[in-house]
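Good morning, colleagues. Please look first at the sequence and the structure.

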Amino acid sequence: VYVYTAEMFPTVIRNQAVGTCSLVARIGGITSLLLDLLKVYWLPAPVFIVGVVATTAGALAVFFPETLGQKLPETMDEAFRIGENSSRGFCTFTCFSVKEMFDEELKTVPRDVSVDNKALDVEKD
């Protein structure tokens, strides 16, 4: 909730938007506790309702605009134009190679052969 909300809303209303989305999420959390009371009427009702809501939310999330590599919006006009120039299709995903993303972290570290041999000797005993 916090990460995506902070990316979607412009700086002018970001605090209010994050607070409102947090409020809605907390209301959902409270409501989910009340779903347990529906077991009296139909045993699978809580699981069914949660499953339908989660599936609907996942299906609607496909329509979110791609924000990878874009700067956060500063004004309302910029917020309305998020994803306008995106070349992402309906069911395409943004993937990067691990080497491209973590090139600095993946540099090979020289290993001391004598240390490895000593460790193997200790394991054998």
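This is a predicted model: local features need pLDDT of at least 70, side-chain atom pairs count only at pLDDT 80 or more; totals for chains, interfaces and linings use all residues.

I begin with T5, which is buried at a relative accessible area of 7%. By buried I mean under 20% relative accessible area, by exposed over 50%, and by partly exposed anything in between, with a 1.4 Å probe and protein chains only. T5 sits in helix α1, which covers residues 2-8. Leaving aside residues up to four places away in sequence, T5 touches A17, V18 and C21; a contact here requires heavy atoms within 4.5 Å.

Residues are numbered from 1 along each chain as its sequence is written, and side-chain values use heavy atoms, with hydrogens and water left out.

T67 lies in the loop between α3 and α4, the latter being residues 76-80. Is T67 buried or exposed? At 16% relative accessibility, T67 counts as buried. Its contacts, again not counting residues up to four places away in sequence, are E7 and I82. The C-alpha atoms of T67 and G83 are separated by 6.8 Å, and these residues are 16 apart along the chain.

Next, the aromatic residues. The structure holds one aromatic pair. The rings of W42 and F48 have centres 5.8 Å apart and planes at 65°, so the pair is edge-to-face. The criterion for Phe, Tyr and Trp (its six-membered ring) is centres within 6.5 Å, with planes under 30 degrees apart counted as stacked, over 60 as edge-to-face and the rest as tilted. W42 is found in the loop between α2 (14-34) and α3 (45-61). W42 is partly exposed at 47% relative accessible area, and F48 is partly exposed at 49%.

Finally, the protein as a whole. It contains six helices and zero strands, where helices (H or I, at least four residues) and strands (E, at least two) are DSSP runs numbered from the N terminus. Buried residues make up 10% of the 125 residues. Among contacts between residues at least 6 apart in sequence, 49% join residues at least 24 apart. The accessible surface comes to about 10,600 Å², of which 67% belongs to carbon and sulfur atoms; these areas come from the Shrake-Rupley method with a 1.4 Å probe, and for residues only the protein chains shown count as cover.
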